[in-house]
Amino acid sequence: ALAASLTIPDMASIPLCVVLRAGRGELYRGLFGCEEDRVIPLVPEAAISPAKAVEGLPAQCGLIGDGVDACMSELGARAPSGWILHPATPAIGSTLARRAIGAATRHGLQGFPVLLPNYLRLCDAEIQFKPS
């Protein structure tokens, strides 16, 4: 939803890396491309360290989210000059609503996609209180 909500024209033609603070010194990272007005994942999403979050990113890409500063701190002067940085986290409610309306218009409620959460790691309670 963050990748789809970005309206900066320069980012429509380059990969977009979404980096969000995940706690525990990690970031949630997803790398996406845009194909015919659709956002497509280029690599699996993951909860990883800031150092790993910037490994292997293309020389030209966009970074968006509240984890951008952590990535830039990790890279320092080694940050590629072709990256476009957008450290804010835009509101995504309107993006999700537009996508839902578009899906309903195209397919009716019978073809409406099911939205499922994508948990990238166990929560603290699951880690702390695993059954013996």
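Predicted model: local features only at pLDDT ≥ 70, side-chain atom pairs only at ≥ 80, totals over all residues.

Biologist: Which secondary structure elements does the chain contain, and in what pattern do they follow along the sequence?

Modeller: The chain comprises 5 helices and 5 strands. Along the sequence they follow the pattern α-β-β-β-α-β-α-β-α-α. Of the 132 residues, 29% count as buried. Among contacts between residues at least 6 apart in sequence, 49% join residues at least 24 apart. The chain exposes about 8,600 Å², and carbon and sulfur atoms supply 58% of that area.

Biologist: In what order do the strands form the sheet?

Modeller: As a general idea, strands of a sheet pair through backbone hydrogen bonds, in either a parallel or an antiparallel sense. Here the 5 strands form an open sheet in the order β3-β2-β1-β4-β5, with mixed pairing. Its edge strands are β3 (38-48) and β5 (84-86), each of which pairs on one side only. From one strand to the next, the twist averages 20 degrees.

Biologist: Which pairs of strands run parallel, and which pair is antiparallel?

Modeller: Let us take the pairs in turn. β1 and β2 pair in the antiparallel sense over 7 bridges. β1 and β4 run parallel and are joined by 3 bridges. Strand β4 (residues 62-64) and β5 also run parallel, again with 3 bridges.

Biologist: How many residues lie between β1 and β2 in their hairpin?

Modeller: The hairpin has 2 residues between its strands. Arg24 lies in this loop, between β1 (16-23) and β2 (26-35). Its phi is near 55 degrees, a positive value in a residue other than glycine.

Biologist: Why does Arg24 count as partly exposed?

Modeller: The class is assigned from relative accessibility: buried means under 20%, exposed means over 50%, and partly exposed lies in between. Arg24 has 44% relative accessibility and therefore counts as partly exposed.

Notes:
Residues numbered from 1 in each chain as written. Heavy atoms only, no water. Helix = DSSP H or I, 4+ residues; strand = E, 2+ residues; numbered from the N terminus. Buried < 20%, exposed > 50% of the residue type's maximum accessible area, 1.4 Å probe, protein only. Contact = heavy atoms within 4.5 Å. Areas by Shrake-Rupley, 256 points an atom, 1.4 Å probe, with all protein chains shown as cover. Pairing = 2+ DSSP bridges. Axes fitted to C-alpha atoms, helices over the stretch in contact; angles between N-to-C directions.
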